[in-house]
Amino acid sequence: MTELAARALTSALESALSAEHVYTNPATCAAFAVQGITPGCVVAPGSLEELAVVMQAASERAAAVVPWGGGTQQHIGNPPARIDLLVQTGRLDRVLIHEPDDLTISVEAGMTIGALREYLRPYGQMLPIDPPLPDRATIGGLIATATDGARRLGYGTLRNVLIGITVVEASGRISRGGGMVVKNVSGFDMMKLYLGSFGTLAIIASANFKLLPIPRASATLVCTFAERGPAFAAIEALQLTQLTPTAAEYLNASALRELGLMGGCGLALRTEGLSAAVERHVADMAALATRNGASAVERLTGAQDTALWSSIADLPQTAALAADEALLKLSALPVEVERTIAQIEALAATGGCAATIDARALSGVIYARLRPCDADSLRTIVAQLPGTQWIATTLPGVSHWGVPLSAIELMRRIKSEFDPLGMLNQGRYVERI
């Protein structure tokens, strides 16, 4: 964007919004740099209408736009080609509609998951999503990156609780999908298109969710093992029972150390529900772990339980990455998780890296933090891990995505329909979409 066009954009934004929410100061803009790329201008709209005006002004000048929620996941994806305008959604942080009796809620995209939890707690309700850094992670950012949490085993992912969405398209047009009812089957399910779109199709303004009651009781078992084999034998045995834990996390030795625990590896098993059901799960899962070679089984409740899962949630955070660090997200069939973890650890050792691994053992999602590593070793490792979804790293010259998708041409066509000027998150997604 030319200097003249940039000044015209800033002037248009200051006319449409209060000047105090339009920033061009270099120091302020540098605080919103994405992988070393500093935006020319930062704007913080305070309403859906203001967001629409912002995008219309950007569209008229073909500005390259990057959405920013809490800034916790900006290392995921390729560096943007350029950033003429960064749209910060933090002022869009209100609860729009809450129907406690219907267990539904509509919230603006800039609200953090931590603030939403605090709002819902007095109602005895929850949105069962456990992302890293909840006091910074925003609703819009979590949807855009399809972030999961440890309790996806029991409650599903955002896809399972998202019932409606409002977005502002690149042109400034406001678009809606879904609604405020749980069973909504009219028309195409367009809202799911934005889930995991990494800000390339539109800017999410608000979202509607179905809620769940906060369980009456919960408890966690931390089971430690000397080796990986017995731990996965316990996981396999658990899968063959009628038990329904809401989380079953595999943690390798490095991950245990991050949590202040000792052992060759471990399982963190969470159960929630009625008190009697929780007690039955605790007893049965403890016996199962012991039969399969657990060296220690510890029960956690209350503050200890909460603290452990908060720390587990933060294990795959991408907001603070060292210069020699990379975080990989991989997917595998649940039956392949053990083999994939063994492969990751072997490749990391060959490349001179240590691997910190946290896996949703019964869901097939693996997070692997590699450190120290350089670009060459990282490329070598990823080339042999076909299940890699994305890579978050500050290492230069590294593709941030795994194996190219077979549907890449379809993705390009969708992108061209929603964003014909290529304004939104230029080059961030797979194959530089």
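**Exercise 1.** Determine how the residues lining the second largest pocket divide by class, and which element gives the largest share.

*Solution.* Step 1: the lining divides into ten nonpolar, six polar and ten charged residues (Ala, Val, Leu, Ile, Met, Phe, Trp, Tyr, Cys and Pro count as nonpolar, Asp, Glu, Lys and Arg as charged, the others, Gly among them, as polar).

Step 2: the pocket holds about 690 Å³ of space. A pocket is an open set of points on a 1 Å grid over the protein atoms alone, where a 1.4 Å probe fits, with protein on both sides within 12 Å along at least five of seven lines; lining residues have an atom within 4 Å of a point. Points are joined across faces, edges and corners, and the volume is the space filled by probe spheres set on them.

Step 3: among the 26 lining residues, R117, R121, R151, R270 and T306 are the closest to the centre.

Step 4: α11 gives the largest share, seven residues (helices are DSSP runs of H or I, at least four residues, and strands of E, at least two, numbered from the N terminus).

The model is predicted: local features need pLDDT of at least 70, side-chain atom pairs count only at pLDDT 80 or more, and totals for chains, interfaces and linings use all residues. Numbering runs from 1 along each chain as its sequence is written, and side-chain values use heavy atoms, without hydrogens and water.

**Exercise 2.** Describe the lining of the largest pocket.

*Solution.* Step 1: the space in the largest pocket is about 860 Å³. Of its 36 lining residues, A146, L195, G196, F198 and Y429 lie closest to the centre.

Step 2: α7 (158–161), β19 (388–393) and α14 (408–418) each give two or more residues. The most, four, come from α14.

Step 3: by class, the lining has 19 nonpolar, eleven polar and six charged residues.
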